[in-house]
Amino acid sequence: MPACGPWCILAAPWAVPGAIAMPRRYVQLDVFASRPGTGNPLGAVLDAEGLDTASMQAIAAWLNLSETVFFLPPDAGADYRIRIFTPGSELPFAGHPSVGAAWLATTHGLATPRDGRLVQQCAAGLLPAEVHGDPLRPGIRLRSPRGRLLDASPGTLPAELAAIAQAGHAVELWNNGPSWWLVEAASAEQLRSLKPDFGAIADWTDATSATGVALFAFETASEHELAVRAFCPGDAVNVPEDPVTGSANALIAARLHREGRLPGQDGRYVASQGRELGRDGRVALQVDAEGDVWIGGEVQQVIAGTLDW
């Protein structure tokens with residue numbers, strides 16, 4: 001028993017000299033959501049100076065959200081800078097964290113749009129964002145890094161994915177920061193009813209050095225043209241199906257543009273994702289005249305407070 005007796009307070013193992021926790025502004029958003037609870041949650045630490053990489057990764061793992069962003073002072077040419085972490089790794093780019101970060105930079109005074117424009121700095125480089133509408137609830141769209149088709153063989157797909165894959169359309173690996181296998185499903189009905197084997201998907205994506213696999217199918221509906229599901233159980237064990245995925249949706253748009261099969265009109269369409277998880281995410285996509293993909297959607301602030309770390 002410690003010398004101070006049974007009532008003494010023992011220091012936590014991390015409470016060592018020089019490791020004093022400090023309060024940091026913390027906000028949690030719902031991105032690609034028309035109302036709270038329907039999109040993809042995003043954690044955001046607005047005062048991340050002084051946190052090292054290990055600490056950021058530990059916070060992201062403890063929060064256990066799809067992604068958490070950390071705001072840091074930007075370099076020249078950028079209005080704000082973020083680092084993006086899943087519970088298991090850092091990403092050079094991700095869509096819903098980037099849309100959410102632009103929303104936060106605008107609404108929390110971290111950056112001031114010039115003529116409705118901002119420049120985000122992340123590990124993937126400098127990315128332009130456009131801000132429009134009500135300054136307190138702005139609309140955001142952000143240009144994804146250019147998608148690239150990689151020279152990679154998928155090998156043998158997990159059986160349940162192979163069973164619904166559209167015949168005559170290749171399974172392709174694309175990258176815009178993260179690398180996603182893209183699989184076109186034969187129908188939206190089959191895609192939405194799919195019961196994934198997360199163990200088999202994790203083994204396959206890990207073996208092929210992919211972040212995950214995104215499946216899509218054309219779906220005629222009043223509010224969207226494409227249905228999407230994205231699985232990343234190897235990268236995010238506790239979030240094996242991502243509720244709404246900006247980077248994967250941007251790559252799907254890049255692929256469909258390359259193939260001349262974009263849905264919607266004038267390079268614009270809406271993708272639906274997350275219904276199988278009880279969400280109703282909507283991603284607005286546009287492929288511009290240069291072939292760049294822009295992603296956007298509504299953002300809801302759900303939690304605001306401080307994180308002591």
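Predicted model: local features only at pLDDT ≥ 70, side-chain atom pairs only at ≥ 80, totals over all residues.
Biologist: Which residue forms a salt bridge with E90?

Modeller: The partner is R83, and the closest N and O atoms are 2.9 Å apart. A salt bridge here is a side-chain nitrogen of Lys or Arg within 4 Å of a carboxyl oxygen of Asp or Glu. R83 counts as buried because its relative accessibility is 17%.

Biologist: How many salt bridges are there in the whole structure?

Modeller: The search finds 17 salt bridges. One network of them links E172, E184, R255, E259 and R261.

Biologist: What does E130 pair with?

Modeller: E130 forms a salt bridge with R117, their closest N and O atoms being 3.3 Å apart. This pair links distant parts of the chain, 13 residues apart: E130 is in strand β7 (residues 125–132) and R117 in strand β6 (residues 117–122). Strands (E, at least two residues) and helices (H or I, at least four) are DSSP runs, numbered from the N terminus. E130 is buried at a relative accessible area of 18%, whereas R117 is partly exposed at 46%.

Biologist: Changing topic: which strand pairs with β1 over nine bridges?

Modeller: That is strand β18 (residues 299–308), in the antiparallel sense; two strands pair if DSSP finds at least two bridges between them. In this pairing R24 stands opposite L307 of β18. Strand β2 (residues 40–45) also runs antiparallel to β1, joined by six bridges, and V27 stands opposite A44 in β2.

Biologist: How many residues of β1 are buried?

Modeller: Seven of the nine residues of β1 (residues 23–31) are buried, so the strand is mostly covered.

Biologist: What does T38 touch, its neighbours within four places in sequence aside?

Modeller: T38 is in contact (heavy atoms within 4.5 Å) with D30, A33, R279, D280 and G281. T38 lies in the loop between β1 and β2 and counts as buried at 5% relative accessibility.

Biologist: How many cavities of 30 Å³ or more does the search find?

Modeller: The search finds one. On a 1 Å grid over the protein atoms alone, a cavity is a set of points where a 1.4 Å probe fits but cannot get out, and lining residues have an atom within 4 Å of a point. Points are joined across faces, edges and corners, and a volume is the space filled by probe spheres set on them. The largest cavity has a volume of about 150 Å³.

Biologist: What lines the largest cavity?

Modeller: There are 20 lining residues, with E67, L91, W180, D242 and T245 lying nearest its centre. The elements that give two or more residues to this lining are α2 (95–107) and α6 (246–258), and α2 provides the largest share, three residues.

Biologist: How does the lining divide by class?

Modeller: The lining of the largest cavity has nine nonpolar, eight polar and three charged residues. Nonpolar covers Ala, Val, Leu, Ile, Met, Phe, Trp, Tyr, Cys and Pro; charged covers Asp, Glu, Lys and Arg; the others, Gly among them, count as polar.

Biologist: Last topic: what phi does N64 have?

Modeller: N64 has a positive phi of about 60 degrees although it is not a glycine. Most residues other than glycine have a negative phi. N64 is in the loop between α1 (53–63) and β3 (67–72) and counts as partly exposed at 30% relative accessibility.

Biologist: And S209, buried or exposed?

Modeller: S209 counts as exposed, at 63% relative accessibility. S209 has a positive phi of about 55 degrees and lies in the loop between α5 (198–207) and β12.

Methods: Residues numbered from 1 in each chain as written. Heavy atoms only, no water. Buried < 20%, exposed > 50% of the residue type's maximum accessible area, 1.4 Å probe, protein only. 1 Å grid on protein atoms, 1.4 Å probe; cavity = no way out; pocket = protein on both sides within 12 Å on 5 of 7 lines; lining within 4 Å.
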